[in-house]
Amino acid sequence: MTFFDLVLLIGGAIGILMGAWPLLSGRNYPGVFGRGFTQSDNVRLLRAPAIYFRALGATIATAGLVVCDVGVILWVSSARPTDGAAVAMIGAIAGIGLAGLFGSFAWLLVLTYRYKLFRWNAP
């Protein structure tokens, strides 16, 4: 296992855990992580519904899942270069995770447009 594989595995695990909070609770992160860049961003986040934070958590968790899976692919492929079936299976799982990531990101964008949470479509 190389250092890069370890960084991807740890970063993916952190992404999964960080996405679990808004996904399960439906609320924003507490403290510094829950703040926007400006004061108007904070106001928009306060009026965001729970489904927005669930979509945000799903996007973060699936991104962490894909990063962790890429770390596993690199780890397995460097450990056993002749075992192509394991790498293909893990790659298929990564493809499913990537499809989930794009789907959850699209869901997040639809919700931010519906509730006008971006600066360019603010009321």
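Select Lys 116 to begin: this residue follows helix H4, and its phi is positive, near 55 degrees. Helices here are DSSP runs of H or I with at least four residues, numbered from the N terminus. The model is a predicted one, in which local features need pLDDT of at least 70 and side-chain atom pairs count only at pLDDT 80 or more, while totals for chains, interfaces and linings use all residues. Residues are numbered from 1 along each chain as its sequence is written, and side-chain values use heavy atoms, with hydrogens and water left out.

**Helix H4**

With its 31 residues, H4 reaches 45 Å from its first C-alpha to its last, close to the expected 45 Å, where the expected span is 1.5 Å times one less than the number of residues. Colour its buried residues next, which are Ala 86, Ile 90, Ala 94, Gly 97, Leu 101, Ser 104, Leu 108, Leu 111 and Thr 112; buried means under 20% relative accessible area, exposed means over 50%, and partly exposed lies in between, with a 1.4 Å probe and protein chains only. Then select Gly 91, which also has its place in H4 and is partly exposed, with a relative accessible area of 31%. A distance drawn from Gly 91 to Leu 117, C-alpha to C-alpha, comes to 35 Å, for two residues that are 26 apart in sequence.

**The nonpolar cores**

Now show the side chains of Ala 48, Tyr 52, Phe 53, Ala 55, Leu 56, Leu 108, Leu 111 and Leu 117, the eight residues that make up the largest nonpolar core. Such a core is a set of buried Ala, Val, Leu, Ile, Met, Phe, Trp, Tyr and Cys residues joined through side-chain atoms within 4.5 Å. A second, separate core of five residues can be selected through Ile 73, Val 76, Ala 86 and Ile 90, which are among its members.

**Helix H1 and the surface patch**

Go on to H1 (residues 3-25), whose 23 residues reach 34 Å from first C-alpha to last, close to the 33 Å expected. Its buried residues are Asp 5, Leu 8, Leu 9, Gly 12, Gly 15, Gly 19 and Pro 22, and just after the helix Gly 26 takes a positive phi of about 75 degrees. Next, display the surface of Met 1, Leu 6, Ile 10, Ile 14, Met 18, Phe 33 and Trp 75, which form a nonpolar patch with about 700 Å² of accessible area together. H1 supplies the largest share of the patch, four residues. Met 18, which lies in H1, is partly exposed at a relative accessible area of 30%.

**Helix H2**

Finish at H2 (residues 39-46), where the buried residues are Asp 41, Asn 42 and Arg 44. These cover an arc of only 160 degrees around the axis, which puts them on the same side of H2. Turn the view to the face directed away from that buried side, and the exposed residues Gln 39 and Leu 46 are found there.

How values were computed. Helix = DSSP H or I, 4+ residues; strand = E, 2+ residues; numbered from the N terminus. Arc of directions from axis to C-beta. Patch = residues over 30% accessible without salt bridge, like charges linked within 9 Å, V, L, I, M, F, W, Y side chains within 5 Å. Areas by Shrake-Rupley, 256 points an atom, 1.4 Å probe, with all protein chains shown as cover. Salt bridge = Lys/Arg side-chain N within 4 Å of Asp/Glu carboxyl O.
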